[in-house]
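Please read these notes with the model open beside you.

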Amino acid sequence: MQATLYIIGVGPGDPDLLTIKALNILRRCPVVATPKALANGQSTALAIIQQALPGPEMAAKEIIELCFPMKKINLGQEPDPEVLQAWQDAARQIFARLSQGTDVAFPTLGDPAIYSTGYYLYATMMEMHPEIKVQFVPGISAMSSCSATTRTPICLGDDMLAVVPATFSDSRLRQILENFDTIVLMKVHRVIDHLISLLTDLNLLDKAMLVERVGMADERVLADLSDLNGQVHYFSTIIVRKK
């Protein structure tokens with residue numbers, strides 16, 4: 001039987017938010033290829049799985065740690081050579097297990113459809129080995145979890161929703177903030193001061209809410225961004241809801 005690569009959304013942080021399907025696949029996959037941002041760092045996706053699966057189950061699995069550099073990717077442009085190399089290295093390591101008939105799980109934070117390394121890995125795998133079998137397993141997104149935590153709807157009725165990286169150019173981001181009813185800003189940690197300035201300029205600061213490390217033990221919710229002091233964590237999302 002042909003082995004399968006499962007690209008699995010494991011949710012934003014709370015292991016209780018793993019879907020039953022994700023948990024069942026993770027239990028039966030003998031190999032977990034887990035992404036991390038730094039070579040000497042830890043994988044948050046792996047930490048979620050370790051909380052959900054008993055120690056003996058995890059101990060029986062082969063864990064492959066894959067490092068993906070955190071560099072900006074623009075669609076339609078050639079990615080940074082270091083990033084491209086990381087995708088190819090990951091694909092080679094995963095294919096080595098698949099070619100032996102071993103299923104591999106690749107966990108990714110949130111949902112693999114939303115700004116996820118999972119689809120870059122998938123595209124690379126298809127380019128290198130189009131014969132392999134890949135299955136995606138959706139997960140609970142960070143913005144859905146933020147909505148639940150803050151009891152704030154993402155969109156209702158005829159609301160128009162935009163989900164964007166906060167690293168967009170200033171003119172593009174300003175246009176989105178002006179034209180949509182709800183704006184979910186992701187990847188805010190590097191540009192938080194600029195965002196606060198822009199939201200203030202557009203009279204939207206009181207419409208914005210920041211959630212840091214949603215679903216994790218040290219989750220933090222800031223309803224008043226004017227009180228924000230210092231840097232925010234990488235796992236931070238801002239929801240701007242005008243209505």
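1. The radius of gyration is taken over C-alpha atoms, and the globule rule is 2.2 Å times the number of residues to the power 0.38. For 243 residues a compact globule would have a radius near 18 Å, and the protein has 19 Å, which agrees. The C-alpha trace spans about 60 × 40 × 40 Å along its principal axes.

2. This is a predicted model, in which local features need pLDDT of at least 70 and side-chain atom pairs count only at pLDDT 80 or more, while totals for chains, interfaces and linings use all residues. Residues are numbered from 1 along each chain as its sequence is written, and side-chain values use heavy atoms, with hydrogens and water left out.

3. Of the 243 residues, 45% are buried, meaning under 20% relative accessible area with a 1.4 Å probe, protein chains only. Contact means heavy atoms within 4.5 Å. Among contacts between residues at least 6 apart in sequence, 68% join residues at least 24 apart.

4. The protein has eight helices and ten strands. These are DSSP runs numbered from the N terminus: helices are H or I with at least four residues, and strands are E with at least two.

5. Strand 2 (residues 31-36) and strand 3 run parallel and are joined by six bridges. Val32 stands opposite Ile63 in strand 3.

6. Another open sheet of five strands has mixed pairing and the order 6-7-10-8-9. Strand 6 (161-165) and strand 9 (220-222) are its edges, each pairing on one side only. Strand 8 (residues 208-212) pairs with strand 9 in the antiparallel sense over three bridges, and Glu212 stands opposite Arg220 in strand 9.

7. Now the helices. Axes are lines fitted to C-alpha atoms, for helices over the stretch in contact, and angles run from 0 to 180 degrees between N-to-C directions. Helix 7 (residues 170-179) lies across strand 6, strand 7 (182-186) and strand 10 (236-241), at about 160 degrees to strand 6. Helix 8 (residues 192-201) lies across strand 7, strand 8 and strand 10, running at about 5 degrees to strand 10.

Methods: Two strands pair if DSSP finds at least two bridges between them. Buried means under 20% relative accessible area, exposed over 50%, partly exposed in between (1.4 Å probe, protein chains only).
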